[in-house]
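Hi there,

Here is the structure I promised to pass on to you.

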Amino acid sequence: MGQIEIVLGDITELKVDAIVNAANTSLLGGGGVDGAIHRKAGPGLLEECRKLNGCAAGEAKITGGYKLPAAHVIHTPGPIYRDGKSNEAVILKKCYINSMQRAVEAGCQSIAFPAISTGIYGYPIREAAVIAFSAVTEFLKTHPGCGMKQVIFVCFSSRDLGIYEEIKRQIEQ
Ligand code: AR6
């Protein structure tokens with residue numbers, strides 16, 4: 001767990017090797033964190049995304065960071081939350097695992113995640129945060145020597161920050 005940090009703030013301001021975008025399957029931009037990332041990265045990002053032919057929910061594709069301080073953006077469409085019984089947890093876990101995989105393949109040593117699916121897509125924050133921690137912890141355990149030194153969970157509200165900190169404490173016990 002030593003590599004995992006939680007911060008409150010705007011993911012578009014982080015100077016890390018990769019930030020993760022909670023995208024949609026078109027990869028052509030949208031609202032929320034997706035909109036913020038595209039606005040700050042500039043039109044080059046959209047141009048590169050157009051060539052990717054979209055992305056299925058749970059999968060992840062990597063691009064450059066353009067005008068962002070981050071070197072890369074990893075785009076992953078999360079599940080749209082329906083009732084909690086429609087494969088949402090499986091898809092959300094895949095978002096974290098596949099994003100870690102893309103980052104490691106690109107030689108990234110630091111990565112920052114937003115709380116995927118918990119905004120416009122309606123995933124309950126507490127359940128989503130448990131999945132975020134367990135997926136990343138599992139990836140780091142099963143990929144020793146992958147070179148990932150720092151995983152940052154970026155919370156956009158102090159309420160989300162409190163929930164993430166509580167879950168981290170529970171897991172560390
Ligand atoms: N930095 C960090 N976190 C942020 C930022 C930011 N700048 N802005 C929002 N968040 P959402 P989703 C948080 O809605 O639920 C888009 O239209 C936000 O508070 O961005 O996966 C896409 O194109 C929440 O905790 O993504 C899709 O259509 C988290 O990021 C759809 O929204 C995710 O909220 C994806 O919905």
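The ligand sits in the largest pocket; sitting there means that more than half of its atoms lie within 2 Å of the pocket's grid points. A pocket is an open set of points on a 1 Å grid over the protein atoms alone, where a 1.4 Å probe fits, with protein on both sides within 12 Å along at least five of seven lines, and its lining residues have an atom within 4 Å of a point.

Please keep in mind that this is a predicted model, where local features need pLDDT of at least 70, side-chain atom pairs count only at pLDDT 80 or more, and totals for chains, interfaces and linings use all residues. Residues are numbered from 1 along each chain as its sequence is written, and side-chain values use heavy atoms, with hydrogens and water left out.

Around the ligand there are 22 residues, with Asn24, Gly31, Val33, Asp34 and Ile120 the closest (a heavy atom within 4 Å counts as near). Helix H1 (32-41) and strand S2 (18-23) each bring at least two residues to this shell, and H1 gives the most, with four. (Helices are DSSP runs of H or I with at least four residues, strands are E runs of at least two, and both are numbered from the N terminus.)

Backbone atoms also meet the ligand's oxygen atoms in polar contacts (pairs of N or O atoms within 3.5 Å): Gly31 at 2.7 Å, Val33 at 2.8 Å and Tyr121 at 3.0 Å.

Happy exploring!

Technical notes:
Polar contact = N/O pair within 3.5 Å; in protein donor to acceptor, adjacent residues only side chain to side chain.
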